[in-house]
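I looked up a few elements and side-chain contacts, one entry at a time.

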Amino acid sequence: MNSEINHLRELENKSIYIIREAHKKFKKVGVLWSIGKDSTTLLWLCKKAFYGKIPFKVIHIDTGYKFKEIYEFRNKYTKEWDLDLVIAKNEDADKKGITPEKDHFECCNARKTEALKQCIKKHDFEALLLGIRRDEHGIRDKERYFSPRDKQFKWNIVKEKQNKQEGDSDFIAMQDTEFDAWGIYATDFGPENNHVRIHPMLHWTELEIWKYIQKENIPMVSLYLAKNKKRYRSIGCECCCKPVDSESDDINKIVEELKTTKISERTGRVQNKENHDIMQKLRHLGYM
Amino acid sequence: MSAKLLVIGIDAATWTVIDKNIDSLPTFKKLKKEAKNKALILDQKPYSAPCWTSMFTGLKEEEHKHHEFVVDNILQTREDINANFIWDILTRRKKKVKALNIPFIVPPYNFNIDFKVPGAGVGTTTKEWNGEIKEVTKKSVEILRKEDLDLFIVCYTILDKIQHLHWGEEIVLEYYKKIDSAIRELTPHGEKLIIISDHGFCSFGEARVQTLPRKTKTGKELKGDHHEEAILITKGINTNINNLRDVFKAIKNEFRN
């Protein structure tokens, strides 16, 4: 038990170090809060890093399609934790009638990506803290703690080398300078970037997040707890999430469930219709 | 107008079918006489996603880490692969490159071309199979007639699906003939040429590595599976190609200066 607490403390220490590093290196920092378990834990860590009061803005991207429990939770804890909340909403999406029923992908793009772009521009954010984890998805396995995004919001790993001499490589690596084990992170990526994404929880797993929530007694949206033998493992927009079979109606049971489950965390997320059809074809051909 | 180097990828094309039916496949017959050709023995497992990725990144599967079309129920995209492809590298060197229907992901990837392939690279009906051959060939010829390119890469995915579902049946040869005609239309537009498959094909259970289950989740019984012997035809290429990653090297060597 002690070794488990020590392990969680190590995870926490590293995250807090990165959060403080971000605050020191960048003038305008924001933390993204989707109200899910990861970003709420990130907020908790930010609170701990600065002794209770988060010194930067907290951004909630409001797609307009979130569960009502998410809005209730947001309103309650914005007051209780004295957050400087910014609600980012792309009003154009409503005017243009972009809905998840028409096209999930277009909807996500307009209501999440575009809303975030508008928010970064409006508040001139230099850096954003996000609660992503490496174990969530293949591409995130390759992410870094400090990760620049270019003007197109793309993750750039290299830039073309100017004034090249014979024998030089064509490119300069922008991301290979992260000496994670020594706590040394590259934070200056030059003016060609739009902003830097900072991922203080990259090294956590889903199970560790829940163990930490259990240990710290962090408040969570009730959707994660089973009702009528169903619960959500991943939450977001109501139309794009489906509950999974589960009897875990408290945090202790969730921790036990995750120790043995073989079901992926993102199983409950809906895909767009075209992708759905392609997956059916792949199943038909035996690829899945 | 043409391409200095034309690469034609044919998913799952095998000498087993071509050689046995060479008199019905006039373009392959001509190429076997006029160009270098050989069986390319894979040194990696014959799964399409990693094989095509190795071919165009020059990296081993354990280096590019792209193992499957779907991970955790999510379709993988170009952004999920942390590697530079040959088209990325040559474009940065100011070469004119286009790539059409490259099946390392589903739907297949297009570089510098706006295109949507019938069947999304996983066609299961004759309509989708015919649609892919027709549309991919049409688009390729349209580009090659209009533009002077350094490199043009185009792939066909249908033989793989047809062979999985119909290995041993007449329909397989029917579509090899259609591919043969498509190649006949394309080859005059390339000064140098590489024709390659990502793996070969054989009857189910014959291969050393079983890549798919005999019975799919929708209850379909598969008749054929991937084999580690791919086809390779080259014209005007100096680099020795002994594995899929050598294709990347061979293309890069052509544009060394």
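Over which ring does the charged end of B:Lys32 sit? I found that end over the ring of B:Trp15, 4.6 Å from the ring's centre. I note for all entries that the model is predicted.

**Entry: helix H2 of chain A**

A:Lys47 and A:Trp44 both belong to H2(A) and are both buried. The helix runs over residues 37–49, which makes 13 residues. From first C-alpha to last it reaches 18 Å, close to the expected 18 Å.

I then checked burial along this helix. Twelve of the 13 residues of H2(A) are buried, so the helix is largely enclosed by the rest of the structure. Among them are A:Leu42, A:Leu43, A:Leu45 and A:Cys46, but also A:Lys37 and A:Asp38. Against the buried residues I find helices H1 (2–25), H3 (68–80) and H6 (206–216) of chain A, together with strands E1 (29–32), E2 (57–61) and E4 (127–129). After the helix comes A:Tyr51, with a positive phi near 55°.

**Entry: strands E2 and E3 of chain A**

I followed E2(A) to its partner E3(A): the two strands are parallel and share four bridges. One bridge joins A:Ile61 to A:Ala88 of E3(A). With H3(A), the two strands make a β-α-β unit, and I recorded its hand as right-handed.

**Entry: aromatic rings of chain B**

I counted 21 aromatic pairs over all chains. One of them is B:Phe85 with B:Trp87, which is stacked, with 4.9 Å between centres and 10° between planes. Buried or exposed? B:Phe85 has 0% relative accessibility and therefore counts as buried. B:Trp87 is likewise at 0% and so counts as buried. The pair is part of one aromatic cluster, which also takes in B:Trp52, B:Phe56, B:Phe104, B:Tyr109 and B:Phe111.

**Entry: helix H9 of chain B**

Last, I looked at H9(B), residues 245–254. I list B:Arg245, B:Asp246, B:Val247, B:Phe248, B:Ala250 and B:Ile251 as buried. What covers these residues includes strands E1 (3–10), E7 (149–156) and E8 (190–196) of chain B. Helices H3 (48–57) and H5 (86–92) of chain B are also among the covering elements.

Key: Residues are numbered from 1 along each chain as its sequence is written. Chains are lettered from A and ligands numbered from 1 in the order in which they are written. This is a predicted model: local features need pLDDT of at least 70, side-chain atom pairs count only at pLDDT 80 or more; totals for chains, interfaces and linings use all residues. Side-chain values use heavy atoms; hydrogens and water are left out. Buried means under 20% relative accessible area, exposed over 50%, partly exposed in between (1.4 Å probe, protein chains only). Contact means heavy atoms within 4.5 Å. The expected span of a helix is 1.5 Å times one less than its number of residues. Two strands pair if DSSP finds at least two bridges between them. A crossover is right-handed if, with the strands pointing away from the viewer, the path from the first strand over the helix to the second runs clockwise. Rings of Phe, Tyr and Trp (its six-membered ring) pair if their centres lie within 6.5 Å; planes under 30 degrees apart count as stacked, over 60 as edge-to-face and the rest as tilted. A charge sits over a ring if NZ of Lys or CZ of Arg is within 6 Å of the ring centre and within 35 degrees of the ring normal.
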